[in-house]
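This report describes helix packing, salt bridges and a surface patch.

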Amino acid sequence: MADSSLDKLFSDVDLHEQQTTVQPQRQAAVSVDAESADEATLKAKTRAVHEAYSQIAKGIKNIGIYMHNTARHPEYLEPALEAIHRYGEAYGPMVVSVEASGFIFNKQHVFSETFQNESIPYKFYREGVRRLIFRPTLTMPEFQAWIQICMANLNSADYLGKNALSLMWESQFEDIEYVVVDSFKIDDMEEDDVEIEVDKIVNYLYSRLKSDSKDYLRFARLSAEDLDREIDDVEQIRGAIISGQPCEDELAARLQTEIELDERERMLPKLVNIVFKVTESAGQQGDERAVREVFLQLLDAMLLQEDFSSINQILTKFRAAERDPTHGDFFHQTHEYFVGRMGDEERLRKIGEILNTSRPRNPKEVFRYLYVLDATVIPPLLDILDTIEIQENRVIICDALVAIGKETPEPFAARLNSERSQLVRDMMYIIDRIDAPNKIQMFGQALKNPNLAVRLEALGVIARSRTEECRALISERLDDDNAQMRIQAARLLPIYDQQKAYQALLKLVKSDEFQKRDLKERMQVYGALGATQQPGALSYFADLLKPKGLFKKAQTEEQQLAIAGLSQLASIPSFQLLQAEAERKGNAPEVITAAKRGMAAVRKELFGEEEED
């Protein structure tokens, strides 16, 4: 300010970067000081303001419901605009105070609405707006533009780097005015040590701006005595805390969330915009090395904060900047350099540390980071994958490797011999998703892995493909050294050609070697034989159930084997055979029990009924 006496006054109180967007040449007919109006008039004005903002709230709710029916939006806002005009005809411009909890008039809340879980008044308060004025000549287009700012989702990509204040500046309102205070500080004192009641100062400065004069410098000629007289009641004692009503827990939590959101999601995008503006001029001056260094520092800072979203926003802005006919080549080269350094091993290991210790807030952003890298990062990524214990995070890397390694499946096949079962499962998942031409041969390699769990997993993966080559691989496992592998192979064969499965399994059960196997394994194979649903299998089981005068033990085993097969053969004849065995006198108790369970299984398969205990 020009007056030296005012400088003296602010030797202790420093009003930093104070901005006001009120247009001084306009006359405001109503004072914000409630004491200047008589009580009756003040009550009438308060009711009118309440009515206007009540209609604004209704209009916002209606627009939110019928968001896409833009033709009717003016209709929803018309009652509110008429209320503002009525107030203006009676009292002049409608002035409200802006606080974190709502819009205030005569110390009463007149508006505290939220939209999409965000407080509308706080959206303006956060940017320093302390007064909001509607002039009597307010038009519908301008009013509608202000409503759109109230309803804007400032966290979305459409408003990247913008806030409510910048949107109002861009709108260049003629009949909507506002007073903005950026900061207020006492020198040599921490903000936590003192609170200052600045409301009277704002009121006084605003009142000095209300004039018909075209002299824009009137504010600069305020005298120190005038300002001192207006702030007599403001406490400025070191360490004093101005008493007041504490905010509610809900408001405090909302404010804390907003602060965290600013630090985590809004500050870095704004910084990105600034960097792109600065680097554009630096590129024109031929200082590409400095530009690249700036972006690398930005990349490392975002990785430290685990902010993959902002990194991906940088990539998006690079792609947009490349379309600039003037600077496109410069940004293209910088983009390629940036992506190349994203794949440096130390940065990939930092991502590995993040994925090994926590679950990212947005896993898709981590995937997008890895997706843009090239095949040279496959070996270090495989090493990192081997160290991660959180399964969801392993999937992120596996999905990225599917995208990166479509043309180079060899590194994944090379790790199918690993003794770490989880790593082998991941390699089979990647190879299956890549759909390499020789993936069946690769899976056959996994069938030789010393880890049984890996071999069983490989069988399941192979079974997803219905090719003859896969059927042959599974059929070979019928003679595997491990019983679980043999049983799993027998169960999987019927999903291919049932006639071929019937022939292979029937040949197996009639072999002398098969008779030496454990009874439980044989029953599982007989069940697989029944699952082929072939008439020959039904006849074979029926022959087994015929009395042959064998030893009791041998006869009982044959009955159990036949019942195991019939339980998987869903047909009326098989149900009748099981029923006959359940009712046959002289059968062993275990045979009768197995037959009843088999009847329940067939009934459920045929009619959808629940199995009996």
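Helix 2 and helix 3 are roughly antiparallel to each other, because angles over 145 degrees count as such, whereas those under 35 degrees count as roughly parallel, 65 to 115 as roughly perpendicular and the rest as oblique. Helix 2 (residues 39–65) packs against helix 3 (residues 73–91) at an angle of about 165°, and their axes lie 8 Å apart. The crossing of helix 2 over helix 3 is left-handed. Helix 18 (residues 421–434) and helix 20 (residues 452–463) pack at about 15°, with axes 9 Å apart. Helix 18 is therefore roughly parallel to helix 20, and passes helix 20 in a right-handed crossing.

Axes are lines fitted to C-alpha atoms, for helices over the stretch in contact, and angles run from 0 to 180 degrees between N-to-C directions. A crossing is left-handed if the near helix is turned anticlockwise from the far one by less than a right angle, and right-handed if clockwise. Helices (H or I, at least four residues) and strands (E, at least two) are DSSP runs numbered from the N terminus.

The model is predicted; local features need pLDDT of at least 70, side-chain atom pairs count only at pLDDT 80 or more, and totals for chains, interfaces and linings use all residues. Residues are numbered from 1 along each chain as its sequence is written, and side-chain values use heavy atoms, with hydrogens and water left out.

The count comes to 26 salt bridges, each a side-chain nitrogen of Lys or Arg within 4 Å of a carboxyl oxygen of Asp or Glu.

Arg347 in helix 13 (residues 345–357) and Asp300 in helix 10 (residues 288–304) are 47 residues apart, and the pair links distant parts of the chain. Arg347 is buried at 7% relative accessibility, where buried means under 20%, exposed over 50% and partly exposed in between (1.4 Å probe, protein chains only). Asp300 is partly exposed at 30%. Glu127, at 17%, is buried, as is Arg126 at 18%. Glu118, Lys123, Arg126 and Glu127 are linked in a network of salt bridges. Arg341 is partly exposed at 26%, while Asp344 is buried at 18%.

On the surface, Ile572, Leu606 and Phe607 form a nonpolar patch with about 290 Å² of accessible area together. Ile572 belongs to helix 28 (residues 572–583) and is partly exposed at 45% relative accessibility. Patches comprise residues with over 30% relative accessible area and no salt bridge, like charges being joined within 9 Å and nonpolar side chains (Val, Leu, Ile, Met, Phe, Trp, Tyr) within 5 Å. Accessible areas come from the Shrake-Rupley method with a 1.4 Å probe; for residues, only the protein chains shown count as cover.
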